[in-house]
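Biologist: Please show me the model, and then let us discuss how its parts are arranged.

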Amino acid sequence: PRCKAVSLRTSEFTDPTMPITAEMNLNELIIRLMSFPADEYSSHREPDPDECLTVCQLAINFLSSDTAICLRVQSPVNIVGDIHGQFHDLLRIFDRLGQPPKSKYLFLGDYIDRGKYSLEVIVLLLSLMLVYPNSVYLLRGNHEAANVCCRYGFKDEVMQRFGNETGTSVLMGFLRCFQWLPLAGLINQQIFCCHGGISPTFELEPYRSSKPVSAITSLNSMRRPFEPPQFGAPATCCGRTRCRIRSSACSKPETSPQNKRGCSYMFSLEALESALHSFGAGLLVRGHQVAQEGFMSPLT
Ligand SMILES: [Mn+2]
């Protein structure tokens, strides 16, 4: 990686009261981005730095009103995995499943990096969340963090479009905003959704109580904002650690023998059932991993 890692302390980027600097009509911005031409980059007006920073600040104001780690969502809702800067795919998803607020969406994180249009993806999704807070829910993926998005494309995209000086302030705006994104969602008290997966440290608090909802309460006892720590439940939840399914029985997620850094977990059906039981949930839906057919159900 040629870029220097940007290190952030939570305290430096958590002011939810920063004034909004630009007048902006979010509905117009949404309509403009939704009509992004499918074949012609030149005729598309990209989000400008003021729009990016204003959307980030509005999102922080909104997200800081409830700092729980786990969102509660009611069905029916469409669950969408990693977009990774593929703006056309996002538009196709809206075409197929309906635009908010007609259809409800829970996105599992990893909006940016890899694809060419990270800015359009994240600006549109944040704007939709702001205008339709009961129809668009955004979770945090491992790419929504300083140390990842500076290495996998988002930082380069922002610098290329806006230049180093303006680009840096836009990047910082997004990094501050990412710190406020929730890590998990629970649909109808039944379907637990997160970017990465389950972690052995989910057990620390949930298992102290026999009440099934205690795990969620325990997740909710953590508060945003933060930069994901390197290890532990929040790290695994948002995919900072990798999760893989293992086939043999084992009651807890275990570190993968292939991964010498010990930041990867394998989990079996047994471990999954035990974690879900502690949440009072029956199903885990996660992103973070390629599924050739669009989705897969490896443990059913
Ligand atoms: Mn990921």
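Biologist: On what basis are residues numbered, and what pLDDT do local features need?

Modeller: Residues are numbered from 1 along each chain as its sequence is written. The model is predicted: totals for chains, interfaces and linings use all residues, side-chain atom pairs count only at pLDDT 80 or more, and local features need pLDDT of at least 70.

Biologist: What is the strand order of the open sheet of four strands?

Modeller: Helices (H or I, at least four residues) and strands (E, at least two) are DSSP runs, numbered from the N terminus. Two strands pair if DSSP finds at least two bridges between them. The edge strands, each pairing on one side only, are β1 (70–73) and β10 (283–286). With mixed pairing, the order of the sheet is β1-β5-β6-β10.

Biologist: In which sense, parallel or antiparallel, does β5 run relative to β6?

Modeller: β5 covers residues 184–187 and β6 covers residues 191–194. The two strands form a hairpin with three residues between them. Four bridges join them, and their sense is antiparallel.

Biologist: Which residue of β6 is the bridge partner of G185?

Modeller: On the β1 side, β1 and β5 pair in the parallel sense over four bridges, and there G185 is the bridge partner of L71. In β6, the bridge partner of G185 is C193.

Biologist: Which residues of β5 point the other way from A184 and L186?

Modeller: In a regular strand the side chains alternate between the two faces of the sheet. A184 and L186 point one way, and all four residues of this set are buried. A residue is buried if 20 or more other C-beta atoms, placed from the backbone, lie within 10 Å of its own, exposed if 12 or fewer, and partly exposed in between. Those pointing the other way are G185 and I187.

Biologist: Why does L183 count as buried?

Modeller: L183 is in the loop between α7 (164–178) and β5. Its C-alpha atom is separated by 8.1 Å from that of L71, 112 residues apart along the chain. L183 is buried because the number of other C-beta atoms within 10 Å is 28.

Biologist: Is H84, with its positive phi, buried or exposed?

Modeller: H84 is found in the loop between β2 and α3, and its phi is near 50 degrees, a positive value in a residue other than glycine. Because 20 other C-beta atoms lie within 10 Å, H84 is buried.

Biologist: What is the omega of the cis peptide bond between S75 and P76?

Modeller: P76 lies in the loop between β1 and β2 (78–80). For the cis bond that joins S75 and P76, omega is about 0 degrees.
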